[in-house]
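Keep the structure open beside you as you read.

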Amino acid sequence: MATLEQLRIEVDREWRAAHRPRPVVVPAVPRRPGVGRAVLIAALRVAVILLLPFVVLVRSSVFLYARRGAPTWLALLGGAVLTLLVVTVYAAWLSHRLSGRARVGAMAKWVAGPLVIAYCGYALLYLSALHAKSPVVQAEYRAVHPLLRIAVATLTLADRGLVITDLERVPADYPAMGLPVYDGSLHYVQADGWAHAMDLRTSGRGMLANALRQLYFAAMGFGTLRHVGTADHLHVELALPRR
């Protein structure tokens, strides 16, 4: 009897073990390698695409003026034409994606051309009071060289806190500020009829923001100097063209 009872218990144990519910194992979702890197690369590509037309406009205009000695308006025209080509490529690509046809001519005439002309007109003629220290500075905006206006207007699109503190000067302004007269100042109106310098406020801005601002102007071909006259500021100037 003991043997039969032991056999029954053993069979019952094996049956229970065979029919015991097994835990459900959820397979782990494998991590895709390099996801963060792919997102970063995509973001950089978008940034380059958005910034390229503005960089081409400013940098090529300054290069033609300062390095090739092109007259101001011809240099700006050259930069605008190159920008027009870039925007036309963008518009044609988008048109091809949406309709299957690039329509390059139509995109240049009706999209790229008006956009470039409108932007240049805005940058040359308008300075928001948010970016001017005073109404006097705002009124002097058009007395500054056009390429400086194009450059600073472009920066204001990304730098909403930018403030221009000084533009055009005359020799008498220096004693009024407690400074010696500087005969070579590019704040003076030059022979071409424009002042070639501006000062930007640096107080209240972080070190990184000021460094990036200075880097932008230097990369675009302008001279920059962080110094203290009446107050700490960033001096930006457009050198006279090489002859």
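Strand 2, residues 197-201, is mostly covered, with four of its five residues buried. Buried here means under 20% relative accessible area, exposed means over 50%, and partly exposed is in between (1.4 Å probe, protein chains only). Helices (H or I, at least four residues) and strands (E, at least two) are DSSP runs, numbered from the N terminus. Before going further, bear in mind that this is a predicted model: local features need pLDDT of at least 70, side-chain atom pairs count only at pLDDT 80 or more, and totals for chains, interfaces and linings use all residues. Residues are numbered from 1 along each chain as its sequence is written, and side-chain values use heavy atoms, with hydrogens and water left out.

What does strand 2 pair with? Strand 1 (residues 164-166) runs antiparallel to strand 2, and two bridges join them. Strand 4 (residues 232-237) is also antiparallel to strand 2, this time with five bridges. Pairing takes at least two bridges found by DSSP between the strands. To find your place, look for Asp 166 opposite Asp 199 in strand 2, and for Arg 201 opposite His 233 in strand 4.

Now for the nonpolar core, meaning a set of buried Ala, Val, Leu, Ile, Met, Phe, Trp, Tyr and Cys residues joined through side-chain atoms within 4.5 Å. The largest has 40 residues, and the members touching the most others are Val 58, Ile 164, Met 198, Leu 200, Phe 217, Phe 222 and Val 236. At least two residues each come from helix 2 (35-66), helix 3, helix 4 (104-125), helix 6 (146-156), strand 2, helix 8 (207-219) and strand 4. Helix 6 gives the most, with seven residues.

On to the charged pairs. A search of the whole structure turns up five salt bridges, each a side-chain nitrogen of Lys or Arg within 4 Å of a carboxyl oxygen of Asp or Glu. One of them pairs Asp 159 with Arg 205, with the closest N and O atoms 3.2 Å apart. Asp 159 sits in the loop between helix 6 and strand 1 and Arg 205 in the loop between strand 2 and helix 8, so this pair ties together parts that are 46 residues apart in sequence.

Arg 213 also bridges to Asp 159, with closest N and O atoms 3.1 Å apart. Since Arg 213 lies in helix 8, that pair links parts 54 residues apart in sequence. Together, Asp 159, Arg 205 and Arg 213 make up a salt-bridge network. Asp 159 is buried at 10% relative accessible area, and Arg 213 is buried at 2%, whereas Arg 205 is partly exposed at 29%.

Back at Asp 166, there is a salt bridge with Arg 169, the closest N and O atoms being 2.5 Å apart. Asp 166 is buried, at 14% relative accessible area, and Arg 169 is buried too, at 11%.

Finally, the outside. Leu 74, Leu 77, Val 81, Leu 82 and Leu 85 form a nonpolar surface patch with about 450 Å² of accessible area together. Accessible areas come from the Shrake-Rupley method with a 1.4 Å probe, and for residues only the protein chains shown count as cover. Patches are made of residues with over 30% relative accessible area and no salt bridge, with like charges joined within 9 Å and nonpolar side chains (Val, Leu, Ile, Met, Phe, Trp, Tyr) within 5 Å. Val 81 lies in helix 3, residues 72-99, and is partly exposed at 39% relative accessible area.
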